[in-house]
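I have a new structure open today and my notebook beside it. Come along while I look things up one by one.

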Amino acid sequence: MTVLNSVASTLPVPERDRTAWIVSQRPPRATVDPSKPYGFFLEQERAASGRIVSSACILLTNKECPWRCLMCDLWQHTLTQPTPLGAIPRQIDHALAQFGSAPEQLKLYNAGSFFDVAAIPPADYGAIADRISFARHVIVESHPRLVGERTRRFGDLLSGSLEVAMGLETVHPRVLPRLNKKFSLDDFARAADFLSRNNIGIRAFILVKPPFLREAEAVEWAVKSAEFAFACGASAVSLIPTRPGNGALDRLVQTGEFSPPRLETLEQALDAVVALKRGRGLGDTWNLECFSSCAVCFPRRRRRLEATNLAQEVQPPTECEGNCSGVGQTSGLPVHGASGSVSLGAPQRRARDPANWQTGGLPHVLT
Ligand code: SF4
Ligand SMILES: [Zn+2]
């Protein structure tokens, strides 16, 4: 457990004015249309029951999240003004019209917090619930500090069950504050307790190798973070390899305070979390190729991760006749990942094929 103390004094992220510094590093924002989601796709996921269910994910276009986390790039596909009333139900209609079937599970991910009133107007909760009454299980995302009465109210409107995904990121005591998440582990535990008491499911997003951690520490802290999430009542943790591309992380790449994890590190973290047998461990396979340096074994490594996600059993290791060490190196693609579930198509196909990936923008990370 060693933070990069040797470079701490030269950090480009100021302890004060951290938010302003993060914003100042940003590349340009994408143009988005409030009448359309910025993405949607079908996938399969292992449910808490152990069944493999059909799942749809709609990436809603809405006002930017009020926080400014160091590693976040979700703001790129958000509005700068409050989301107009009625826009979210229209976006859901748009996506559902093209799915052609009613998936059992539905993720409404909104690049922020579903319970942020500027992002999702509470006056739209009823219209949203009406449109998704087919779903037996609905998952939304939220910052822990926005979990509360609105969460319960929305859950009461649904026909199926509700689950809230929260970005825990890491429990590392010196890294979490520097991510600018502006919550404590107590805040996370309190939100989880509220959800549990209201029979609302919990999922946690965990970063594999966040900034300021060495590669050798990444698995240990991903597992510690998963253990904390499970202890708080999470039934699933999504392990998201940390990617550059939002400006701030690219700056930290230059200064040596961040490098994306190797593919092998993600594999080891997922294996270790699945082996805990305390809940589902789901490895994010979005744009996984950017963590690999070996074209020979990469397809098998991706299939292995997908198989682990679905089976929740550690799979046999991947041998490489190309004699690589199994260690990947990122190309630093500015694309962030999804939920740790398994897509019906390969991620890059989904991203490029409008039949599978209906979007005007890039995929996203959920944290
Ligand atoms: S990581 Fe989550 S909480 Fe942080 S700025 Fe991005 S959307 Fe908001
Ligand atoms: Zn190889």
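Before anything else I wrote down what "buried" stands for: a residue is buried if 20 or more other C-beta atoms lie within 10 Å of its own, exposed if 12 or fewer, and partly exposed in between, with C-beta atoms placed from the backbone. I also noted that helices (H or I, at least four residues) and strands (E, at least two) are DSSP runs, numbered from the N terminus.

**Ground rules.** I am working with a predicted model, where local features need pLDDT of at least 70, side-chain atom pairs count only at pLDDT 80 or more, and totals for chains, interfaces and linings use all residues. Residues are numbered from 1 along each chain as its sequence is written, while chains are lettered from A and ligands numbered from 1 in the order in which they are written.

**Overview.** I found 11 helices and 9 strands in the chain. Of its 367 residues, 51% are buried. I then turned to contacts, where two residues count if their C-beta atoms, placed from the backbone, lie within 7 Å. Taking contacts between residues at least 6 apart in sequence, I saw that 81% join residues at least 24 apart.

**Strand β8.** I looked up residues 280-283 and found both faces of this strand covered. Arg280 and Leu282 are buried on one side, and Gly281 and Gly283 are buried on the other. Next I checked pairing, which requires DSSP to find at least two bridges between two strands. Strand β7 (residues 236-241) runs parallel to β8, joined to it by 4 bridges. Leu239 has Gly283 of β8 as its bridge partner.

**The core.** A nonpolar core is a set of buried Ala, Val, Leu, Ile, Met, Phe, Trp, Tyr and Cys residues joined through C-beta atoms within 7 Å. I noted that the largest one here has 93 residues, and that Ile206, Ala222, Ala229, Val237, Leu239 and Ala269 have the most contacts inside it. Which helix gives the most to this core? I found that it is α7 (residues 215-231), with 9 residues. Then I picked out Val237 and left aside its neighbours within four places in sequence; its contacts are Ala204, Ile206, Ala226, Ala229, Val273, Gly279, Gly281 and Leu282.

**Helix packing.** For this I needed axes, which are lines fitted to C-alpha atoms, for helices over the stretch in contact, with angles running from 0 to 180 degrees between N-to-C directions. I found α7 and α9 packed at about 30°, their axes 9 Å apart. That makes α7 roughly parallel to α9, because angles under 35 degrees count that way. From α7, Glu215, Ala218, Val219, Ala222, Val223, Ala226 and Glu227 meet Thr265, Gln268, Ala269, Ala272, Val273 and Leu276 of α9.

I went on to α9 (residues 263-276) and α10 (residues 298-311), which pack at about 20° with axes 11 Å apart. This pair, too, is roughly parallel. Leu263, Glu267, Leu270 and Val274 of α9 make the contact with Arg301, Leu305 and Thr308 of α10.

**Other strands.** I followed β1 and found that 8 bridges pair it with β2 (residues 52-59) in the antiparallel sense. Gly39 has Leu59 of β2 as its bridge partner. Their hairpin has 5 residues between the strands, and Gly50 there takes a positive phi near 100°. On I went to β3 (residues 105-109), which runs parallel to β2 with 5 bridges. Ala56 stands opposite Leu106 in β3.

**Loops.** I stopped at Pro27, in the loop between α2 (18-24) and β1 (39-46). Is Pro27 buried or exposed? It counts as exposed, because it has 12 C-beta neighbours inside 10 Å. Pro82 sits in the loop between β2 and α3 (87-99), and is partly exposed with 14 other C-beta atoms within 10 Å.

**Two asparagines.** Most residues other than glycine have a negative phi. I looked up Asn180, whose phi is positive, near 65°; its loop lies between β5 (161-169) and α6 (185-197). Asn287 also has a positive phi, near 50°, and lies in the loop between β8 and α10. Asn180 has 18 C-beta neighbours inside 10 Å and so counts as partly exposed, whereas Asn287 has 24 and so counts as buried.

How values were computed. Parallel < 35°, antiparallel > 145°, perpendicular 65-115°, else oblique.
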